[in-house]
Amino acid sequence: MYKYLKIHRSPKLNGEVEISGAKNAALPLIASSILSKNEVNFTNVPEVADVKTLLKLLKNLGCEFEFQNGNLKIDTSNINNTTAVYEIVKTMRASILVLGPLLARFGKCKVSLPGGCAIGARPVDLHLKALKLMGADIKIQNGYINASGKLKGCDIVFDKITVTGTENIIMAASMAKGKTRIINAAKEPEVTQLCNVLKEAGIEIEGIGSDEIIINGTEGELLKFKNTSIIPDRIEAGTYLAAGAITNSKITLNNVITEHLEGILVKFREMGFSFEEKANSLTILPAKKINPVTIITTEYPGFPTDMQAQFMAIATQAEGVSIIEERLFENRFMHVPELNRLNANISINSKTATIIGKSKLIGADVMATDLRASSALVLAGLIAKGQTNVHRIYHLFRGYEKLIEKFTKIGAKMELLSEERP
Ligand code: UD1
């Protein structure tokens, strides 16, 4: 039996949403626990499928953990296996995050190549090139990365900005010998939190939050981690703001860091929405008229690719022509044909989508293809006439904690149903 989500037209939403911890911050932090000599405690950890997948991978390596109500305790002292198997890695590309810390701690490891994914080829060549520069011997055999060697600090220039690549090298550099300088590093808040946690664990790190990070490694000595609360999920927050926008409703988010949302707030404002800000909360207020928008996805602090699909759903309700250019991933428009099934008017020319609004959306059966594309279909379903059935909904549960509960609390009408599939 497979699950699908039936969404009923729910034009006005109202109320408050509690934002969960960030999946993309939790994943590298959990991987970094491999570098710890003590039990690691994380709080505000989202209970989403990707986090559970990484924990399954760690368990497979010999780690022990307890995970309840967002509190995660991990003990990595008994790791007795350094192979990250294909069966787990294939379900989540971010499994590659164990490569840097396993190699740094054990001097060898074997990690399955993640392969392509729905949104593009997504190679890991930059991770491997950087580890080689640090002295690792890397061979690809039978679909696995076989890495070995003692890591030494050096200068690394990333040819492209890579989030998990930067995180992998930061973790590897923490236990390497000497100084590693990462030039053209990713500046995402999730990278910054990883640096802060490692700094608290005793590592000298300079340039945190900038595109040049210098790490002085411990030369094989394990780190002593302090307790950490995972930062709020800026993409989950953005998605609920998008729910407010597409239904033109007032919604308040609690547990947010507004600064992390600036790149998207600018675009919401351009579209006519306004905001009320308080210490840890943010309220979106309806627009008099929804304006079309021009968006180019880019690295933080620019507009995030992980919010592109959701803004496309909103753009279907703008009065006029919106343009969205996807610069990070080559195949991240799979929601377009699905939105068009709901009567949207979107065309694609290479990396650019043109959205002609305003369309009267009409409910239909649609297919979720990846995590964020799925959330765009849910948003569209909220305003589509009648009912929208979003199939392959498991994609959504990879990254949105308590999605149905949170949407229902603000007045959305949706239900999780089961279906047989051949
Ligand atoms: C991370 C996020 C993901 C987000 C993406 C971009 C996590 C767990 N995932 O993914 O949600 O959409 O950042 O913000 O944090 N590239 C290469 N070679 C490499 C590595 C990357 O060519 O070795 C390319 C990719 O194909 C892509 C670009 O660089 O075109 C950026 O990808 P990257 O930042 O690495 O994405 P992820 O870290 O996988």
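Student: How do the residues of the lining of the largest cavity divide into nonpolar, polar and charged?
Tutor: Ala, Val, Leu, Ile, Met, Phe, Trp, Tyr, Cys and Pro count as nonpolar, Asp, Glu, Lys and Arg as charged, and the others, Gly among them, as polar. Here the lining divides into seven nonpolar, three polar and one charged. Note that this is a predicted model, in which local features need pLDDT of at least 70 and side-chain atom pairs count only at pLDDT 80 or more, while totals for chains, interfaces and linings use all residues. Residues are numbered from 1 along each chain as its sequence is written, and side-chain values use heavy atoms, with hydrogens and water left out.

Student: How many cavities of 30 Å³ or more does a search of the whole structure find?
Tutor: Rolling a probe the size of a water molecule over the atoms shows where empty space is left. On a 1 Å grid over the protein atoms alone, a cavity is a set of points where a 1.4 Å probe fits but cannot get out; a pocket is an open set with protein on both sides within 12 Å along at least five of seven lines; lining residues have an atom within 4 Å of a point. Points are joined across faces, edges and corners, and a volume is the space filled by probe spheres set on them. The search finds three cavities of 30 Å³ or more. The largest holds about 60 Å³ of space.

Student: Which residues line the largest cavity?
Tutor: The lining consists of Arg234, Ile235, His260, Leu261, Gly263, Ile264, Tyr300, Pro301, Gly302, Pro304 and Met307. Helices H8 and H9 each supply at least two of the lining residues; helices (H or I, at least four residues) and strands (E, at least two) are DSSP runs, numbered from the N terminus.

Student: What lines the second largest cavity?
Tutor: Ala22, Asn24, Glu190, Asp233, Arg234, Ile235 and Arg372 do. By class that is two nonpolar, one polar and four charged residues, around a volume of about 40 Å³.

Student: Which residues of helix H9 are buried?
Tutor: Buried means under 20% relative accessible area, exposed over 50%, and partly exposed in between, with a 1.4 Å probe and protein chains only. In H9 (residues 262-270) the buried residues are Gly263, Ile264, Leu265, Lys267 and Phe268. They pack against helices H8 (234-246) and H10 (308-315), and against strands E16 (274-277), E17 (281-285) and E18 (294-296). After H9 comes Gly272, with a positive phi near 110 degrees.

Student: What is the volume of the second largest pocket?
Tutor: About 380 Å³. It is lined by 18 residues, and the closest to its centre are Arg9, Gln317, Lys358, Ser359 and Ile383. The lining holds seven nonpolar, four polar and seven charged residues.

Student: In which sense do strands E19 and E21 pair, parallel or antiparallel?
Tutor: Two strands pair if DSSP finds at least two bridges between them. E19 (residues 320-325) and E21 (residues 352-357) are antiparallel, over six bridges; Ile323 has Thr354 as its bridge partner in E21. E20 (residues 346-349) is also antiparallel to E21, through four bridges, and Asn349 is partnered there by Thr352. The hairpin of E20 and E21 has two residues between the strands, and Ser350 takes a positive phi near 55 degrees.

Student: What is the order of the four strands in the open sheet with mixed pairing?
Tutor: The order is E6-E7-E9-E8. E6 (83-84) and E8 (137-141) are the edge strands, each pairing on one side only. E7 (residues 108-112) and E9 (residues 144-148) run antiparallel, joined by five bridges, with Ala147 of E9 as the partner of Cys109.

Student: Is Asn389 buried or exposed?
Tutor: Asn389, in strand E23 (residues 387-391), counts as buried because its relative accessibility is 12%. Its side chain makes a polar contact with the side chain of Lys6 at 3.1 Å; a polar contact is a pair of N or O atoms within 3.5 Å, where, within protein, one must be able to donate a hydrogen and the other to accept it, and residues adjacent in sequence count only if both atoms are side-chain atoms.

Student: With which residues is Leu403 in contact, leaving aside neighbours within four places in sequence?
Tutor: Contact means heavy atoms within 4.5 Å. On that basis Leu403 touches Leu5, Tyr240 and Leu396. Leu403 lies in helix H14 (residues 403-409) and is buried, with a relative accessible area of 3%.
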